[in-house]
Amino acid sequence: MSGDKNYITVNNSIRSWLFTTDHKRVAILYFASITLFFFIGGAAAALMRLELVSPAGHFFTSDEYNRLFTMHGVIMVWFFLIPSIPNTLGNFIVPLMIGARDLAFPRLNLTSWYLFMAGGATTLYALFKGGIDTGWTFYTPFSTMYSNSYVAIAVAGVFIVGFSSILTGLNFIVTIHRLRAPGLTWYRLPLFLWSLYATSAILVLATPVLAMTLLLIALDRVFGIGIFDPARGGDPLLFQHLFWFYSHPAVYIMILPGMGVVSELIACYSRKEVFGYSFVAWSAIAIACIGFFVWGHHMFVSGQSPFAGLVFSFMSFAVAVPSAIKVFNWTATMHKGWVHFDAPMLYALGFIGLFTFGGLSGLFLACLAYDVYVTDTYFVIAHFHYIMVGGMVTAYFGGLHYWWPKITGRMYPEYWARAAAILIFFGFNMTFLPQFILGVLGMPRRYHVYPPEFEIWHVLSSAGASILVVAYALPLFYLGWSIFFGERSSANPWQTTGLEWQTSSPPPPHNFAATPTVTRKPYDFNVNGEPRAQNA
Amino acid sequence: MGNWVPRGNPFWPNADSAYAGSVDLLFLALCAVAFLVFSLLLVLLLRFAIHYRAGNRDADRDARIRKSWMFESAWTAATFVGFVALFFWGATLYLDIYRPPAGADTIYVVGKQWMWKVQHLGGQREINELHIPVNEAVRLIMSSQDVIHSFFMPEFRIKHDVLPGTSEELWVKPVKTGIFHLFCAEYCGTDHSRMTGRIVVMQHEEFSDWLRRQDVDGTLAAQGAALFRQFGCSGCHTSGSRVRAPPLEGLYGRPVPLSGGTIEVADERYIRDSILQPRKQVVAGYEPLMPSFEGKLSEDELVRLLAYVKSLAANPEAPQ
């Protein structure tokens, strides 16, 4: 590293961090915030698993248990999963990857972080004031007329955080359109950017619907407008349609960035370009589009018309096709490559396995007659945790390790990182495989007490969760350690392509001394697995 | 918590209704497809990762595949065709398991925080229990007094949400006698996990015997007839009353011409809506005079009125 100041050392005052418009610093702010939320949400999950060891429950009342799973869901979905990769890794890497000095709207970027924190503080206030017991899905008329908890405040928090999502999405779309370096055509974009582009489109189009729906809940609760109350001509099912119109695409908001990260990792550690680049790129767009037309698959037993059920079932099978395309292409990428097993690659391989398993279980749920049996059981819980945790969180950790040297200028300890990757993989499976079995046996979700015949699977799942707690805490320690004591990283420690690796680690405040010019496709490795430089 | 029944096999759920076997067969097919895809992927993944590891410098890396579209169309087509097949299978069975067979007996279910109330046509009532005969199809007409619940009978592979303000239905034909689980599957508040009960499936004779032994205050229709007078419905809906209201004799199951020019079949939902929101569907040729009974009737009372109005179809004799 030269003697020049990088983005961290340029100014160390608190003020310089809180008023920064540097996308890299905003990313760090986001990183610290979502880590906090991850451990709050994780603590709620750990307490639930503890309680479920016994069929009758020992530690909590039913009201407390209901508040725990609601808190877990609300925090994890809106304050960890949705912002996770886009707002941390995306914020940091997007401008570097396209050869720009910052995002298109740096102040908007900082605004989005403040909105995020305001929403987070509001929601935490509701949670610690006494909590909410509606489940993260806020189903009406329970949430509007029957719940005696702080629904309006929590909903306000989620409403606010939605604007943070919209601003981030907007920022990414404009940045990717307008700020690409000379020569960086669409088909030269790394796949991470295609994924984030698709994600951003969903953020901008779907989040307003959530905002509107939450506003209706608040109005119904505070002023009693009765829009979801059948006694006043309202319709409780309308809420489910509106909610899932956002919340199903939101699932793709959560998983698409993970797919983007995995595309980067597989290419880098196979020393080879991604197989079927344009198919992987367009499958992200296809997922974002089809993802808007599958929301009704959450409602197969709700009383919506059976014919609507048929259409939504078909679309749900259809949306699985582009995901399958991605998985096959990642696998084919390793064919005749030079596969390295650094920790990020272990995470990427874990992602492929867990995501595929979770995705295949999605077919069971898309399949109408079987969904009737397993919907609202632990099968659903296991399914979406395989995608969200096994998939998304694994990809997040993979990406975090991969770009860690770029972000901090230090290498993480490889031995510990591999150990954590392997531990997370086994802990995860041990936690959630038993939940598939519970679902197939008919165990309903959101049950505080349950029939003793299910006990053995709950105990197994909780045992797995205890491993998972350790596994997820590990990176906190060794990554924290590496910030101060890790080996210093060169600009391009993985010897890979990509503009972000052609500036120093950590990057200078304005990323590049001179705007780079791109002359090649991404992932341009020669047959011996050596990278060709991106810019001329 | 005394109601739980231990079950035989901790790895496979019992399957005890007419369509449970078909659902399980579909499950096995889904498992087979998932296993096939997953194992194919795993074999390729491990094979490539191990054989082409960077340390193996002898692996043949010449003649890499450059043109990928043949592979792309192959696996896209293969997955699509497989998925479409599964879709049709699942969809056909779905339509079947919600289409009640003709002649199934009706039982009324009301969900409320946090219990299930069941009313048989004979006027028998039970809470958190449902007695039904084996090898006979029964239709459950379900509604909720408050929030959304879901009536879930895992051994029968069936559930359906139970909503306030409307009636939903499912049918089931148990094939074994015994005691089975009843769960609420839609989160409904504090004691959601205690909104459970048992389904008691009995031989036909045993069941008739059980029905007879219950303390009954007249049939459900008779109880409804009392309410019909109590709430003043009889004031208008009887022949010879001063206010002209549509006659209810022989109404149930018949098509009704409405003032908007449309025709609706008078099923449970139609009758229910007509009581609660009479101005939604006005019968052609009548004035919209009827007041709404929304909020004046509990779900249980509504069920009894419904049973009474339905009974007039079979026994078309003018109400008193």
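These legends accompany several close-up views of a predicted model.

**View 1. Chain A as a whole.**
Let's start with the overall build of chain A, whose secondary structure comes to 15 helices and zero strands. Its radius of gyration is 23 Å, close to the 24 Å that the globule rule gives for 536 residues, so chain A is as compact as a globular protein of that length. Along the principal axes, the C-alpha atoms of chain A fill a box of roughly 70 × 45 × 45 Å. Buried residues account for 63% of the 536 residues in this chain. If you look at contacts in chain A between residues at least 6 apart in sequence, 83% of them join residues at least 24 apart.

**View 2. The contact between chain A and chain B.**
Here the two chains meet, with 69 residues from chain A and 71 residues from chain B taking part. Which elements give two or more residues to the side of chain A that touches chain B? They are α3 (62-97), α5 (142-146), α10 (306-334), α11 (343-366) and α12 (368-374) of chain A. The largest share of this side, 15 residues, comes from α10(A). Sorted by class, the side of chain A that touches chain B holds 47 nonpolar, 16 polar and six charged residues.

**View 3. Strand β5 of chain B and its two partners.**
Is strand β5(B) mostly covered or uncovered? This strand, residues 138-144 of chain B, is mostly covered, with five of its seven residues buried. One partner is strand β1 (residues 105-112) of chain B, which runs parallel to β5(B) and is joined to it by seven bridges. Another partner is strand β8 (residues 168-172) of chain B, which pairs with β5(B) in the antiparallel sense over five bridges. To find your way along that pairing, look for B:V138, whose bridge partner in β8(B) is B:V172. As a reminder for reading the view, side chains in a regular strand alternate between the two faces of the sheet.

**View 4. The surroundings of B:V109.**
Now zoom in on B:V109, which stands opposite B:M142 in β5(B). Leaving aside residues up to four places away in sequence, which residues does B:V109 touch? They are B:W116, B:V118, B:L140, B:I141, B:M142 and B:F151.

Definitions and conventions. Residues are numbered from 1 along each chain as its sequence is written. Chains are lettered from A and ligands numbered from 1 in the order in which they are written. This is a predicted model: local features need pLDDT of at least 70, side-chain atom pairs count only at pLDDT 80 or more; totals for chains, interfaces and linings use all residues. Two residues are in contact if their C-beta atoms, placed from the backbone, lie within 7 Å. Helices (H or I, at least four residues) and strands (E, at least two) are DSSP runs, numbered from the N terminus. Ala, Val, Leu, Ile, Met, Phe, Trp, Tyr, Cys and Pro count as nonpolar, Asp, Glu, Lys and Arg as charged, and the others, Gly among them, as polar. A residue is buried if 20 or more other C-beta atoms lie within 10 Å of its own, exposed if 12 or fewer, and partly exposed in between; C-beta atoms are placed from the backbone. Two strands pair if DSSP finds at least two bridges between them. The radius of gyration is taken over C-alpha atoms; the globule rule is 2.2 Å times the number of residues to the power 0.38.
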